[in-house]
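Please look over the structure below.

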Amino acid sequence: MIKPAITLTLFGLTACATTTPPFDDDGNPNVRDQAETCDAAAAQGMIGERATSALGGELQALTGARTLRWVPPRTAVTMDYRMDRLTVSYDDDMRIGRIACG
């Protein structure tokens, strides 16, 4: 009875494995395509603007970011770095105070 439980446990763990191989066919580490990176420099002129969904789309277009993360005041965020994500922090008055990639 113990052997089937071990087999099922191992089978269950393989379902959690990552699907992206750490290396490409040439043996080089997998890195994201440069087209997926974010460049926040172009959006720095938007600091002080009112945070809206329309402005969020404009910020993504300006920076080339694939995803957008809004950070409300007094909110904790993860420290994981994503090259394709734009992080926009705003204050209680919905005014943008910080625009950064990551």
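The model is predicted. Strand β2 spans 85-90 and strand β3 spans 96-101. β2 and β3 run antiparallel and pair over five bridges. One of the bridge partners can be named: Leu 86 pairs with Cys 101 in β3.

β2 and β3 form a hairpin with five residues between the strands. Met 94 takes a positive phi there, near 65°.

## Positive phi in the loops

Most residues other than glycine have a negative phi. Met 94 is not a glycine, yet its phi is positive at about 65°. Its place is the loop between β2 and β3. Met 94 counts as partly exposed because its relative accessibility is 28%, which falls between the cut-offs of 20% and 50%.

Arg 74 is another such residue: it is not a glycine, and its phi is positive at about 60°. Arg 74 sits in the loop between β1 and β2. With a relative accessibility of 72%, Arg 74 counts as exposed, the cut-off being over 50%.

## Salt bridges

Side chains of opposite charge can pair when their charged atoms come close. How many salt bridges does the count give? The count comes to three.

Asp 92 and Arg 74 form one of them, with the closest N and O atoms 2.9 Å apart. This pair links distant parts of the chain. Asp 92 lies in the loop between β2 and β3, Arg 74 in the loop between β1 and β2, and 18 residues separate them. Are the two partners buried or exposed? Asp 92 is at 53% relative accessibility, so it counts as exposed. Arg 74 is at 72%, so it counts as exposed too.

Arg 85 forms a salt bridge with Asp 80, where the closest N and O atoms are 3.4 Å apart. Arg 85 is buried, at a relative accessible area of 7%. Asp 80 is partly exposed at 38%. Arg 82 and Asp 84 also meet through their side chains in a salt bridge, at 3.5 Å from N to O. Arg 82 is partly exposed at 26% relative accessibility. Asp 84 is buried at 1%.

## The aromatic pair

A search of the whole structure finds one aromatic pair. Its members are Trp 70 and Tyr 90. The ring centres are 6.0 Å apart.

Which parts of the chain does the pair tie together? Trp 70 lies in strand β1 and Tyr 90 in strand β2, so the contact joins parts 20 residues apart in sequence. Trp 70 is partly exposed, at 29% relative accessibility. Tyr 90 counts as buried because its value is 18%, and buried means under 20%.

## The largest pocket

The largest pocket holds about 170 Å³ of space. Its lining has 14 residues. Those closest to the pocket centre are Arg 69, Thr 78, Thr 87, Arg 98 and Gly 102.

What is the make-up of the lining by residue class? Six residues are nonpolar, four are polar and four are charged.

How values were computed: Residues are numbered from 1 along each chain as its sequence is written. This is a predicted model: local features need pLDDT of at least 70, side-chain atom pairs count only at pLDDT 80 or more; totals for chains, interfaces and linings use all residues. Side-chain values use heavy atoms; hydrogens and water are left out. On a 1 Å grid over the protein atoms alone, a cavity is a set of points where a 1.4 Å probe fits but cannot get out, and a pocket is an open set with protein on both sides within 12 Å along at least five of seven lines; lining residues have an atom within 4 Å of a point. Grid points are joined across faces, edges and corners, and a volume is the space filled by probe spheres set on the points. Helices (H or I, at least four residues) and strands (E, at least two) are DSSP runs, numbered from the N terminus. Ala, Val, Leu, Ile, Met, Phe, Trp, Tyr, Cys and Pro count as nonpolar, Asp, Glu, Lys and Arg as charged, and the others, Gly among them, as polar. Rings of Phe, Tyr and Trp (its six-membered ring) pair if their centres lie within 6.5 Å; planes under 30 degrees apart count as stacked, over 60 as edge-to-face and the rest as tilted. Buried means under 20% relative accessible area, exposed over 50%, partly exposed in between (1.4 Å probe, protein chains only). Two strands pair if DSSP finds at least two bridges between them. A salt bridge is a side-chain nitrogen of Lys or Arg within 4 Å of a carboxyl oxygen of Asp or Glu.
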